[in-house]
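Q: Please go through the side-chain contacts of the model below. For each label, set the value against the criterion behind it.

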Amino acid sequence: MEMQVNEPAIAYGITMTPQEYLVWESNQPSKNEYVGGRIIAMAGASIKHNRILNNLMREIGGFLKGKSCEIFASELKIFVKSKESYFYPDASIICGEPDVAEEFKDAVKNPSVIFEILSPSTTDYDLGRKFFYYMQIESFKEYITIDSTSLQVQVKRKQEDGAWRFEEYNDVSDIFTIQTIQMQVLLQDIYLNVQSDFL
């Protein structure tokens, strides 16, 4: 049985300005998000989580080879300017040149697609506050969450009128579309080496 790894959930009892956070974060051995002045620690991820992320990067990275959009893994911070907050999504797609934050070049402001891999300890955070903050990003069009404990992918897509449409997929043969890059993705490929645990 795979050992459960808790992610994130430690909120340090300290507050910082965004500038103080960026300096402090650059010297930390592990990742920490900055949300409304608070520091939220990101703990290690489970084997299932890592396998799903590897599958995602391989499938989408190969599809985007030679194209104008790129997929980035979780080392790249996303800056939500209107909320002065910084997040580490599990993966993000940026089309065109990354629009980097002014002082620190390891944070970008223009993701089109964001992926989060859910675990029991992160589901509420990823589907709640994180999604609300991501929605404030002008370039943000699609939010794709992948459950690491069951076969379930949710796609939230921004419509022309600004409303968000939700779709859910929970069968290994299901296919979802990343409209931003016109790519169809088979759940079986995303859950490679993981899906047998759920069947």
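A: The model is predicted.

Q: What makes Arg 58 and Glu 59 a salt bridge?
A: The closest N and O atoms of Arg 58 and Glu 59 are 3.9 Å apart. The criterion is a side-chain nitrogen of Lys or Arg within 4 Å of a carboxyl oxygen of Asp or Glu, so the pair counts as a salt bridge. Arg 58 is partly exposed, at 42% relative accessible area.

Q: How many salt bridges does the structure hold?
A: The structure holds 7. One of them joins Glu 75 and Lys 31, with the closest N and O atoms 3.9 Å apart.

Q: Which parts of the chain does the pair of Glu 75 and Lys 31 tie together?
A: Glu 75 is in the loop between strand 4 (69-73) and strand 5 (77-80), and Lys 31 is in the loop between helix 1 (18-25) and strand 2 (32-35). The parts tied together are therefore 44 residues apart in sequence.

Q: Why does Glu 75 count as exposed?
A: Its relative accessibility is 58%, and exposed means over 50%, so the label applies to Glu 75. Lys 31, with a relative accessible area of 22%, is partly exposed.

Q: What makes Glu 33 and Lys 130 a salt bridge?
A: Their closest N and O atoms are 2.9 Å apart, and the limit is 4 Å. Glu 33 lies in strand 2 and Lys 130 in helix 3 (residues 123-134), 97 residues apart. Both residues are buried.

Q: Which residues are linked in a network of salt bridges?
A: The network links Glu 142, Arg 157, Arg 165 and Glu 167.

Q: Why is the pair of Phe 132 and Tyr 133 called edge-to-face?
A: The search of the whole structure finds 15 aromatic pairs. In the pair of Phe 132 and Tyr 133, the ring centres are 6.0 Å apart and the planes are at 65°. Centres must lie within 6.5 Å, and planes over 60 degrees apart count as edge-to-face, so the pair meets both conditions. Both residues belong to one aromatic cluster, which also includes Phe 131 and Tyr 134.

Q: Is Tyr 133 buried or exposed?
A: Tyr 133 has 13% relative accessibility, and buried means under 20%, so Tyr 133 is buried.

Q: How do you know that the charged end of Lys 83 sits over the ring of Tyr 133?
A: The charged end of Lys 83 is 5.8 Å from the ring centre, and the distance limit is 6 Å. Lys 67 lies over the face of Phe 63, at 3.5 Å from the ring centre.

Technical notes: Residues numbered from 1 in each chain as written. Predicted model: local features only at pLDDT ≥ 70, side-chain atom pairs only at ≥ 80, totals over all residues. Heavy atoms only, no water. Phe/Tyr/Trp six-rings, centres within 6.5 Å; stacked < 30°, edge-to-face > 60°. Buried < 20%, exposed > 50% of the residue type's maximum accessible area, 1.4 Å probe, protein only. Lys NZ or Arg CZ within 6 Å of the ring centre and 35° of its normal. Helix = DSSP H or I, 4+ residues; strand = E, 2+ residues; numbered from the N terminus.
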